[in-house]
Amino acid sequence: GGTSLKDSPCVSCGACASTCPSGAIDDKTVLLLGVPERFTRTTCPYCGVGCELDVGVKGGRITQILPALDSPVNKGHACVKGRYAWGFLDAPDRVTRPLIRKDGVLSSASWDEAIGFVAGRLKDILAARGPSAVGVLGSSRSTNEENYVAQKFARVVLGTNNVDCCARVCHAPTAHAMAGLFGTGAATSSYDDLERARTILVCGANATENHPVVGARIRQAARRGTSLIVIDPRRIELAAEATIHLATRPGTNVALLQAMAHVILREGLADEEFLRERVVDVEQFRTALAESTPERVSAICHVPVDRIVAAARLYATAKPGLIVHGLGATEHRQGSDGVAALSDLALLTGNVGKPGSGVNPLRGQNNVQGSAHMGCEPSRLTGYVPIAKGKAAHEALWGSTLPAERGRDLMEMIDAAGQGALSALWCMGYDVAQTNPHRQATIAALKKLELLVVQDLFVTETAAEAAHVVIPAAASFEKDGTFMNAERRVSRVRAAVSPPTSDCRPDWVPLAEVARALGHGEQFAWHNVEQIWDEIRVAWPPGQGMAYRRLEQHGLQWPCPDEGHPGSTLLHGETFSMGKTTRLAFERFTETPEHVSEQYPFLLVTGRTLHAFNAGTMTGRTKNLELRPTDVLDIHPVDAGRLGIDDGAHVRITSARGEVELPARLTTEVHPGELFTTFHDVKARVNDLTGDVRDTATHTPEYKVTAVALAPVGARG
Ligand code: SF4
Ligand code: SF4
């Protein structure tokens with residue numbers, strides 16, 4: 001008659017099963033499937049924390065996954081995804097043979113037939129339309145080696161810089177803004193700095209759900225007395241632990257952060273010595289901020305003046321202060337400006353390059369840092385080097401003349417497909433139809449392609465709707481390589497089990513085979529992933545010291561330029577990556593054009609939750625689904641009462657793009673007038689609602705602000 005585990009505060013992390021001294025608690029899978037005969041150390045396939053896991057196997061099947069006790073990343077901890085969500089490997093709908101669309105139906109084909117079909121179609125399209133009509137999408141779920149091969153394929157075989165990855169829809173603003181201010185578009189510090197900080201400022205990151213192992217460390221730090229500032233429209237779990245919660249109106253981060261900078265300067269709380277030595281044009285910045293008073297900004301972001309002032313004082317004085325940010329900072333029209341404004345705060349207060357300080361993006365997917373860093377980026381080559389700077393070295397290494405012009409990014413490729421300017425797209429491990437905003441427009445664009453190649457574990461929405469060819473893939477538990485986590489750590493991925501058929505191959509294999517069929521065999525002649533990695537080390541000098549043998553124990557954090565180098569836990573101590581000094585960034589706050597109206601009076605924020613991961617391709621085929629069967633709409637009880645919506649009742653949500661129905665969850669975690677949901681459930685189709693507004697600098701979609709109307713199902717408004 002008590003509370004079920006599902007409804008309790010338990011987060012199903014499994015720590016009690018690992019440590020129960022009497023054996024009274026154990027993983028059910030061990031009881032059902034047997035005690036593992038052997039364990040293989042690998043890196044989690046889910047979030048960007050990059051936990052090291054020991055994968056237990058019996059009779060060729062996984063029966064248990066344990067967090068690595070000796071890992072510096074997760075220190076013996078894991079979450080419900082990494083620890084329990086592996087059942088997708090044996091899902092009955094796993095793609096195990098290539099599929100080619102014939103008479104509108106995806107039909108079984110041989111491996112050679114699929115490779116020949118793709119090579120032939122690409123050759124014809126290149127001959128007819130040229131390299132600007134083709135593109136490649138890498139994947140955060142693929143290894144560094146696979147992403148490297150994907151972008152090399154785009155540039156060398158197809159002759160185009162039309163190559164991108166899902167960093168475009170999440171942290172492209174982070175990489176862009178931080179590369180501009182610090183010279184490196186990645187975390188400045190390490191997870192261990194969370195315990196060294198006296199203040200942690202979390203902006204737009206629901207870490208306890210989306211990066212649970214890091215979220216737990218932040219929570220523990222707060223409970224030990226570290227000051228915690230949380231900037232988030234919702235009362236997320238960390239807000240309950242926070243010293244100060246700044247519950248912003250969605251879309252107003254930039255205004256708030258600039259007001260904090262204003263207070264720091266106005267009250268003389270800046271680190272003048274640091275500014276003198278490391279920052280130029282401070283006076284220009286001070287002048288630009290003159291109007292960003294907390295009094296004025298309070299009316300914009302709906303945060304009381306005294307809280308803005310208190311947060312600024314706390315961050316500037318209880319040092320060192322460490323910033324953690326997530327997609328709530330980046331997925332906005334001013335996403336890049338938001339990350340720049342966070343970086344400004346760190347620079348103003350000298351919270352850079354010291355233990356316990358810095359600016360640290362919580363990268364969403366396990367290898368989103370790596371996929372863009374390997375060169376799946378239309379304006380950057382391997383090592384996130386601008387094309388103009390790295391072109392000559394890459395040409396010498398690859399023995400090929402490379403395109404000089406920036407290519408189309410993901411959003412531009414979808415736009416171009418819709419306009420008939422892109423004819424072929426190769427999607428590696430990326431369900432763009434399910435995850436891009438304005439789903440209907442995305443699918444319509446994909447359907448116009450003459451060739452859509454999808455490489456995936458399942459017939460995803462992208463594959464089902466528009467693929468001409470589906471190539472089966474190996475999951476990370478079935479292949480070797482490396483991932484790069486949110487603290488710049490490259491760690492090993494190792495095959496623990498065999499894929500279901502010999503056609504489920506690592507993502508680089510079909511790319512290399514098509515390259516060979518198109519006359520580029522010599523440039524794609526690797527026999528194993530270590531050979532690919534060794535080529536990457538040549539292409540990317542700051543990674544040169546990270547030989548596989550040095551990655552065996554917990555990996556290394558880059559820069560690591562030679563084999564005697566210990567790796568880098570902290571960046572920008574003496575100099576920034578581009579030199580001794582930098583410049584503060586200021587871009588005036590502007591409202592998003594996506595605003596509430598009489599027709600659409602609610603603001604919908606979208607995000608992720610603990611039990612499911614992103615598009616749900618993997619977690620949606622595991623027991624985690626029992627803990628969270630579908631997406632739900634969070635609505636404040638006052639709004640629900642006004643509209644006659646009961647907890648659990650189905651509601652219709654309508655935006656200017658479309659409408660969806662979801663069960664309602666009444667909660668005070670959201671403000672009246674604001675709503676929250678996720679897009680884990682392919683059936684719920686939440687991205688039918690999200691819109692076309694993008695970050696002005698990087699085109700990252702504004703998933704965080706959608707104006708919608710709401711009605712109980714059965715009522716037509
Ligand atoms: S939160 Fe983790 S350790 Fe605590 S009861 Fe749940 S599974 Fe066990
Ligand atoms: S916190 Fe992230 S990396 Fe760690 S187990 Fe969970 S999903 Fe995997």
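Residues are numbered from 1 along each chain as its sequence is written, chains are lettered from A and ligands numbered from 1 in the order in which they are written. In this predicted model, local features need pLDDT of at least 70, side-chain atom pairs count only at pLDDT 80 or more, and totals for chains, interfaces and linings use all residues, while side-chain values use heavy atoms, with hydrogens and water left out.

Helices (H or I, at least four residues) and strands (E, at least two) are DSSP runs, numbered from the N terminus. Strands of a sheet pair through backbone hydrogen bonds, either parallel or antiparallel. An open sheet is formed by three strands in the order 19-20-21, with antiparallel pairing; two strands pair if DSSP finds at least two bridges between them. Strand 19 (481-484) and strand 21 (556-557) are the edge strands, each pairing on one side only. Strand 19 is joined to strand 20 (residues 489-493) by four bridges. Across this pair, Gly-481 stands opposite Val-493, and Phe-483 stands opposite Ser-491. Helix 5 (residues 144-157) packs on the sheet and touches strand 19 and strand 20, its direction making about 90° with that of strand 19.

From strand 19, Gly-481 and Phe-483 point one way and Thr-482 and Met-484 the other way, and all are buried (under 20% relative accessible area; exposed is over 50% and partly exposed in between, with a 1.4 Å probe and protein chains only). The hairpin of strand 19 and strand 20 has four residues between the strands, and Arg-488 takes a positive phi near 65° there.

Helix 19 (residues 387-398) and helix 25 (residues 529-539) pack at an angle of about 145°, and their axes are 10 Å apart. Axes are lines fitted to C-alpha atoms, for helices over the stretch in contact, and angles run from 0 to 180 degrees between N-to-C directions. His-394, Leu-397 and Trp-398 of helix 19 make the contact with Glu-535, Val-538 and Ala-539 of helix 25, where contact means heavy atoms within 4.5 Å.

The largest nonpolar core has 61 residues, of which Leu-122, Tyr-148, Phe-153, Trp-426, Phe-524 and Met-546 touch the most other members. A nonpolar core is a set of buried Ala, Val, Leu, Ile, Met, Phe, Trp, Tyr and Cys residues joined through side-chain atoms within 4.5 Å. Helix 4 (residues 111-129) gives the most to this core, with eight residues. Leaving aside neighbours within four places in sequence, the contacts of Trp-426 include Val-118, Leu-122, Phe-153, Ile-471 and Val-514. Another core, of 55 residues, lies apart from the largest one, and Ala-259, Ile-264, Val-309 and Ala-312 are among its members.

Most residues other than glycine have a negative phi, and most peptide bonds are trans. A cis peptide bond joins Lys-319 and Pro-320, with omega about 5°; Pro-320 lies in the loop between helix 15 (305-317) and strand 12 (321-325). Another cis peptide bond joins Trp-558 and Pro-559, with omega about 0°, and Pro-559 is placed in the loop between strand 21 and strand 22 (582-583). Phi of Tyr-384 is positive, near 60°. Tyr-384 lies in the loop between strand 14 (380-381) and strand 15 (385-386) and is buried, with a relative accessible area of 13%.
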